[in-house]
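The sequence and the structure are shown first.

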Amino acid sequence: GRVVEEVGAGAVFWNRVYEPAVLKRDEAWRADLLEGGIEAESFKAELLIEPWEISKLPAGPEGLSKCFDDFKAYSKAWMARPPPPMSLPTPERFEPWEGAEKLRSVDLDDVKSFDFTGEEELVAALEREWTPGAAAGKERLRVFVESRLPQLADSHRFRMLDSTSVISPYLNSGNLSIRDVYHTVRNLVARRDRSKHRDGMLFQSSTVYLKNLCLRDFSYCVLFNHPTITETPVVRDFDNIPWKPDPKALDAWINGKTGYPIIDAAMNQLRTTGWIENSLRALVASFLVKYMVQPWQDGYKHFASQLIDENVALNAVGWQWASGCLPDSFPFSTVVNPTSKGYQFDPCGLYVKKWLPSLANLPDDYIHSPWKAPSSVLTKAGIELGRDYPNRIVLSSVAQQQVKDAMHIMQNISIAAKSTGLNKHHSEVSNPTTSASNVTSSGLGTLVHSLWYMGPEGSIPSSGA
């Protein structure tokens, strides 16, 4: 519109986003631009595979095919796709163009949404944690590929809290290209193969990491086909979970005062840095919806307000998965014990002691279960439970029973609604198939030159990689 006219633009180009409403808006803009004689085109840059490139159902009346709703089937179809092209090289310089002087530069200080008055301490913490820009993103990727990626498939390393790439903020802001990430990993494996010293662990670790990239595309596919996933569950039976909204309980979770050290440490890190590792995201999400029986939508909104890598598709799918709301989710009836996970993720308590200084002097044996520490140990550590660190907001035994009760109520409501025909949403997504109908029936042996392929000719990764 106005900007195109002011600068005399002859063409408009942009990268696609995948919320259906935004896609529809962009297509309307493109039609208007073309009608006005302006060249207009959008491109794929955010994803390796776009939602409409993988489908299992025929196109509907609007010409759109539906994607897989379960990740196992989707990943089989995804891995059969050919690898994406390499990114184009960055131009060394842009030639000046006439009309540039007409554009007004806007200082960030003039943008109200960037007003951090009163939050100077938070801003300082973010500046210490993150260095913006493409160069910083590429350096994070280099460090990950060289030092962390080769051990990613090691069962002893996979769940450690320092094993991830930490490049999501750079992908989300456009400082890193998803294609560059894919080809960086792929090329590392190829170089090792050419050296005739094939690293089996590196190969396995690379397929593990590529599965994360596949999950990223899958999340956008779910968003594309279920535009309301930030508010409603994909499996609509979960509308009937009897949540117990409690602002005080939600506030305790947000501010790291649940009495479970690994949960509180993670929430403190999130509040301070805008980021936590994926395993911790799943753990704190599971804790909110299962231990505390709080609506997953409240957790989604809080993450959306805090994450420096906030992404609508990944955030919503992550919360639906943790809450059992996807066809192949972690079951809602399975309650993850945060104490056990604490000892698994952080056996020496280094993470907890960093983000919960009040527990810094507690011996490792009790760092994830301070309520088990003898009074003499607590006294020596300078801790009084209920004063220096909160008592547990809910006991594990109570949490287990709450989940059982919630599942029982949900199932009864769903069965009754289905039998009377009152719930038109019942089983909108249910009994998901796990077969990828558009993957060739001759099996994985046909996928030599697929997106998943990274080994020498004839070496095919396992379907469960």
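Two residues are in contact when they have heavy atoms within 4.5 Å of each other. The model is predicted: local features need pLDDT of at least 70, side-chain atom pairs count only at pLDDT 80 or more, and totals for chains, interfaces and linings use all residues. Residues are numbered from 1 along each chain as its sequence is written, and side-chain values use heavy atoms, with hydrogens and water left out.

**Overall architecture**

The secondary structure of the protein chain consists of 17 helices and 2 strands. Helices (H or I, at least four residues) and strands (E, at least two) are DSSP runs, numbered from the N terminus. Of the 465 residues, 44% count as buried; buried means under 20% relative accessible area, with a 1.4 Å probe and protein chains only, while exposed means over 50% and partly exposed lies in between. Among contacts with a separation of 6 or more, 73% are between residues 24 or more positions apart.

Helix H17 spans residues 396-420, and its 25 residues reach 36 Å from first C-alpha to last, close to the expected 36 Å. The expected span is 1.5 Å times one less than the number of residues. Buried residues of H17 include Val-403, Met-407 and Met-410, and helix H11 (278-291) is part of what covers the buried residues of H17.

**Aromatic and charged groups**

The whole structure holds 17 aromatic pairs. Rings of Phe, Tyr and Trp (its six-membered ring) pair if their centres lie within 6.5 Å; planes under 30 degrees apart count as stacked, over 60 as edge-to-face and the rest as tilted. The rings of Phe-144 and Tyr-209 have centres 4.9 Å apart and planes at 45°, so this pair is tilted. Because Phe-144 belongs to helix H5 (residues 134-148) and Tyr-209 to helix H8 (residues 200-225), the pair ties together parts 65 residues apart in sequence. Both residues, Phe-144 and Tyr-209, are buried. One aromatic cluster is formed by Tyr-18, Trp-52, Tyr-220 and Phe-224.

**The second largest pocket**

The second largest pocket contains about 700 Å³ of space. Its lining has 25 residues, of which Asn-15, Ala-45, Ser-87, Gly-174 and Ser-177 are the closest to the centre. H5, helix H6 (168-172) and helix H7 (178-194) each give two or more residues to this lining, and H7 provides the largest share, 3 residues. On a 1 Å grid over the protein atoms alone, a pocket is an open set of points where a 1.4 Å probe fits, with protein on both sides within 12 Å along at least five of seven lines; lining residues have an atom within 4 Å of a point. Grid points are joined across faces, edges and corners, and a volume is the space filled by probe spheres set on the points.

**Individual buried residues**

| Residue | Relative accessible area |
|---|---|
| Ser-205 | 0% |
| His-302 | 11% |
| Val-166 | 11% |
| Val-293 | 3% |

Ser-205 is placed in helix H8. Beyond neighbours within four places in sequence, Ser-205 contacts Leu-149, Pro-150, Gln-151, Leu-152 and Ala-153. His-302, in helix H12 (residues 296-306), has contacts with Trp-253, Ile-254, Met-267 and Leu-270 when neighbours within four places are left aside.

Val-166 has a positive phi of about 55° although it is not a glycine, and it lies in the loop between H5 and H6. Val-293, also not a glycine, has a positive phi of about 50° and is found in the loop between H11 and H12.
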